[in-house]
Amino acid sequence: MKKYIIQSIRLTLVLLVLLCVIYPISVAFIGKMSKGSGGGEKITKNGKTVGYALLGQSFTKPEYFWGRPSAVAYNAAGSAGSNKGPSNPDYLKEVQSRIDTLLKYNPGIKKSDIPADMVTASGSGLDPNISEQGAAIQIQRVAKARNIDEKKVKELIAMNTLKPFMGVFGPSSVNVLKLNIALDEL
Amino acid sequence: MNTELTGIIATFLLTLAIAIPLGKYLAKVFAGEKVWTDFLKPLETGIYKLSGINIKEQMNWKQQLKALLTINILWLFYGFFVLIFQDKLPFNPDGNPGMTPDLAFNTIISFVANCNLQHYSGESGVSYLTQQYVLMFLQFVSAATGIAAAVVLFKAFRDKTTTELGNFWEFFVKSITRLLLPLSFVMALILTFNGTPASYDGKDKFISLQGDTVNVSRGPAAQMIAIKHLGTNGGGYFGANSAHPFENPSYFTNMAELIAQVIIPIAMVIAFGYFIRRKKLAWTIFGVMTIGLFMLLLPMLSSELGGSPALAKMGISQTTGAMEGKEVRFGLAASAYWATVTTIISTGSVNSMHDSTMPMSGTWQLLGMMINSFYGGCGVGLLNYFIYLIVAVFISGLMVGRTPEFLGHKVEAREIKIAAIITLLSPFLILAGTAIASYIFTNHGDAAWAVQPKNWLNNPGFHGFSEMLYEMTSSNANNGSGFEGLGDNNIFWNLSTGIVIFIGRFLPIIGPVAIAGLLGAKKFIPESAGTLRTDTKTFALMTFAVILVLNALSYFPALALGPLAEYFTMLK
């Protein structure tokens, strides 16, 4: 028994060096060569950081495309979903009010045009994407607020749509932050 | 075909393409045969030397378990103190506080047991030191513990009659050097180069396009996310786990993480067959497990893709399915596939929030964890399945009127008693645990705990009951996922799930290793025409029936009170 205790202690110490020092530091070192040098890829506009490519942010002004509802208000110091169950009455009221808001600010769309992702909170609360349909229902509003042609907005959406991986795997999605930056740069 | 479905089909096929050769490789590694990674031998020799280990020393099953438990208990003490004093220790750039004793108790058991139930949130609850020197460390060694225990079982059936089951330390160290560490290294780099942070820079701050000030949690996440999947641990770096865009940046990384968590459990099954030179047995076990996977996956896909009936009534478009708690970049199919594999194997990482999935999906998630052996966790999945095998051998023996035998060894009263205790343990822990929680919720709602029992549940009615049932089931299965709406960071849940995790981890390791050790030491009876063969389709069917009947009988009433009741009320 005593032998096992001593062996356990020594083995733990050796493995701590291998697994917690050598392994993570060498990954971090090689990771310096990645985009954003291992600290997350940043997006800059006019030399200023305006966000991270992977993290969604809150958009409420009419001239910007809106992202999905978030349970943490896009505060990236934390992350969480709403954890609301599918039959929770309070939750269903909340969804109804999101539908009403979208209908109010996006004249010309029907209820049946609204895709589920625009009225449901994401898992992380930081989802950077919306579906193509989610972007489509906002075209009219954005074009009007910016006084530009709807066709131009559609082009920008197409440019910022990520197609399925290798063309055949998974869904396509629109990155809201990149789309909004493209709009600002017009 | 729909690109979401092609995505998961490709993911599954790639998983098999990696797992099967990996299984053959593992069989050779643990048998000490020549493999291409033998260049790592000097590293292993060095580790043995520094630790004072002589791997030539043979252990019987009792000594194996002694070694296993000794080192695991050591980690419990080591981790507990780091968690409590993390605020006073270095590497805490975000200035996070030390854990309360009950939270530290829960967290350390959870990580030592390969469960990774998390009652804290990664961004605000732990320091970088804790993340790496305790949590990530334990993700490696707890997975290696499971694998090593399974190899002890392999050893018992390789030779005709034996009490010498090899050296625990050797299996344990090799699981790390030949399997977990190299794969984690590759996986961590894949993640880093696709956007996951890996550096030690602390929090960042920026002003968003609209002018809001946003703080961003970062840190060495890629290293931990790699092993959390390969080791079927599941404990995430960030609170939202693999739904977090940093933890799982794209559809490609999602595929990689899905593959990483399934390859070792499958490989262990293949390795078992090749190691004991009964390949057909491995393929039969693999077949049963795979059928189990699809029987849970297909209904889950259908209930999620159908969307929420409540939202359908509101008249919106749900062509993308039920999106609450899901991420757009993965889509529905990959989220449902993930929810299935993360519950049948004991990973418990999530890329969507299970609390918000449809009621029937919740049923399949719970059932996956209750069975806990369709592939199952690293090493332990096979150990769990072994218990079902022994029960199936016993029942079949009774049915045909012969002494039950497994691989040439008589299965007698002692082994069956152990198997019965392990079988009964899960329903006991899950149901008694949920019952106590429900009792406290209804009768002691005002208890002065960090979260008052009356505020535990994030959802009313049947779904609230499901939240408690899920927490206990996940703890017993050492899964670690949750219906995260549950207010679980308080003394009741920290202590109760801590105890359930501990028992639910170690007895199901001790039991099968003991049975294997006892059987391996018995006289070998050559196969004859009268032997009940365990590698036939009939016996596979029998095992499958045993699994279904045992679990249906144990859990149907509880499932009926939770997700099933919710499902039927939503139909109205």
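Helices (H or I, at least four residues) and strands (E, at least two) are taken here as DSSP runs, numbered from the N terminus. The structure is a predicted model, in which local features need pLDDT of at least 70, side-chain atom pairs count only at pLDDT 80 or more, and totals for chains, interfaces and linings use all residues. Residues are numbered from 1 along each chain as its sequence is written, and chains are lettered from A and ligands numbered from 1 in the order in which they are written.

Confidence is expressed as pLDDT, the predictor's confidence in each residue, from 0 to 100. Chain A has a mean pLDDT of 94, with 100% of its residues at 70 or more.

The contact between the chains was defined by C-beta atoms, placed from the backbone, that lie within 7 Å. It draws 87 residues from chain A and 100 residues from chain B. On the side of chain A that touches chain B, two or more residues are given by each of helix 1 (2-31), strand 2 (48-52), helix 2 (89-105), strand 3 (129-130) and helix 6 (176-184) of chain A. Helix 1 of chain A provides the largest share of this side, 20 residues. By class, the side of chain A that touches chain B comprises 44 nonpolar, 35 polar and eight charged residues; Ala, Val, Leu, Ile, Met, Phe, Trp, Tyr, Cys and Pro count as nonpolar, Asp, Glu, Lys and Arg as charged, and the others, Gly among them, as polar.

Chain A contains an open sheet of three strands in the order 3-5-4, with antiparallel pairing (two strands pair if DSSP finds at least two bridges between them). Strand 3 and strand 4 (161-162) of chain A are the edge strands, each pairing on one side only. Two bridges link strand 3 of chain A to strand 5 (residues 173-175) of chain A in the antiparallel sense, and A:I130 has A:V174 in strand 5 of chain A as its bridge partner.

In chain B, strand 1 (residues 204-207) and strand 2 (residues 213-216) run antiparallel and are joined by four bridges. Within strand 2 of chain B, B:V216 is the bridge partner of B:D204, and B:T213 that of B:I207. Five residues lie between the strands of this hairpin, where B:G211 takes a positive phi near 100°. Burial was assigned from C-beta atoms placed from the backbone: a residue is buried if 20 or more others lie within 10 Å of its own, exposed if 12 or fewer, and partly exposed in between.

Helix 6 (residues 128-158) of chain B has 31 residues, which at 1.5 Å a residue should span 45 Å, in agreement with the 44 Å between its end C-alpha atoms; the expected span is 1.5 Å times one less than the number of residues. This helix of chain B bends by about 30° at B:L138, the bend being the angle between axes fitted to the seven residues ending there and the seven starting there. Helix 6 of chain B is mostly covered, with 28 of its 31 residues buried.

Most residues other than glycine have a negative phi. A:S37, in the loop between helix 1 and strand 1 (42-45) of chain A, has a positive phi near 35°; A:S37 counts as partly exposed because it has 16 C-beta neighbours inside 10 Å. B:T232 also has a positive phi, near 45°, and is found in the loop between helix 8 (222-230) and helix 9 (251-275) of chain B. With 35 other C-beta atoms within 10 Å, B:T232 is buried.

Note on methods
Contact = placed C-beta atoms within 7 Å.
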